[in-house]
Amino acid sequence: MENREEERKLLDAAGVEGRVLSMKDGGQEVGYAIVDLQEGTLLLRKLAAKGYDFTQPPRGEELFILDTLMRSAASYGENNGADWIITDFPDFYDFFRARGFTIEDGFASTPMSTIVRYELGGH
């Protein structure tokens, strides 16, 4: 997130350390992810899309924003040496399960390679 003061407010409100990855459309923020790195693991602390309150499964633009933020968080983790992604959004497990995460012991987790894939060779 470019604005460090705004980033600090979001981190403080969430009660966590880490970084805020922001998604904008036409200069306006449409969502963000709060991430933290610990011992080779990306902790996905929060996903937020403007106007989405998690009471219903995300659809349309909200689904696109949340999926893009989750994938951006995974790329951030990959670029910083993380091998796994873990999150604990109990009301959002279906979203993660549909993207290859395993749900157990109150967490959704997956190896980084489930989300971040590289094509070798070819076009």
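The largest nonpolar core of this predicted model has 28 residues, and those with the most contacts inside it are Leu44, Leu47, Met70, Ile85, Phe92 and Phe96. A nonpolar core is here a set of buried Ala, Val, Leu, Ile, Met, Phe, Trp, Tyr and Cys residues joined through side-chain atoms within 4.5 Å; buried stands for under 20% relative accessible area, exposed for over 50%, and partly exposed for the range in between, with a 1.4 Å probe and protein chains only. At least two core residues come from each of strand S1 (19-25), strand S2 (28-38), strand S3 (41-49), helix H2 (60-79) and helix H3 (93-97). H2 gives the largest share, six residues. Helices (H or I, at least four residues) and strands (E, at least two) are DSSP runs, numbered from the N terminus. Another core, of eight residues, lies apart from the largest one and includes Met1, Val16, Tyr32 and Ile34.

As for the basis of these values, the model is predicted, local features need pLDDT of at least 70, side-chain atom pairs count only at pLDDT 80 or more, and totals for chains, interfaces and linings use all residues. Residues are numbered from 1 along each chain as its sequence is written, and side-chain values use heavy atoms, with hydrogens and water left out.

Not counting residues up to four places away in sequence, Phe92 touches Leu47, Tyr52, Phe54, Pro58 and Leu66, where contact means heavy atoms within 4.5 Å.

Next comes the sheet. Six strands form an open sheet in the order S1-S2-S3-S4-S6-S5, with mixed pairing; two strands pair if DSSP finds at least two bridges between them. S1 and strand S5 (102-104) each have a single partner strand and stand at the edges, so one side of each lacks a neighbour in the sheet. On average, neighbouring strands are turned by 30° against each other, direction ignored.

S1 and S2 run antiparallel and are joined by seven bridges, with Leu21 opposite Ala33 in S2. Two residues lie between these strands in their hairpin, where Gly26 takes a positive phi near 60°. S2 and S3 also run antiparallel, joined by eight bridges. Across this pair, Ile34 stands opposite Lys46, Val35 opposite Leu44, and Leu37 opposite Leu42. The hairpin of S2 and S3 has two residues between the strands, and Glu39 takes a positive phi near 50° there. S3 and strand S4 (84-87), by contrast, run parallel and are joined by four bridges, with Trp84 in S4 as the bridge partner of Thr41. Seven of the nine residues of S3 are buried, so this strand is largely enclosed by the rest of the structure.

The helices can now be placed on this sheet. H2 lies across S1, S2, S3 and S4, running at about 155° to S3; axes are lines fitted to C-alpha atoms, for helices over the stretch in contact, and angles run from 0 to 180 degrees between N-to-C directions. S3, H2 and S4 make a right-handed β-α-β unit, right-handed in the sense that, with the strands pointing away from the viewer, the path from the first strand over the helix to the second runs clockwise.

Ile34 lies in S2 and is buried, with a relative accessible area of 0%. Leaving aside neighbours within four places in sequence, Ile34 is in contact with Leu10, Leu11, Ala14, Val16, Arg19, Val20, Leu43, Leu44, Arg45 and Lys46. Ile34 and Glu17 are 17 residues apart in sequence, with a C-alpha to C-alpha distance of 8.7 Å.

Glu7 has its place in helix H1 and counts as buried at 5% relative accessibility. The side chain of Glu7 reaches the backbone nitrogen of Val20 at 2.8 Å. Beyond residues up to four places away in sequence, Glu7 touches Met1, Arg19 and Val20.

Definitions and conventions:
Polar contact = N/O pair within 3.5 Å; in protein donor to acceptor, adjacent residues only side chain to side chain.
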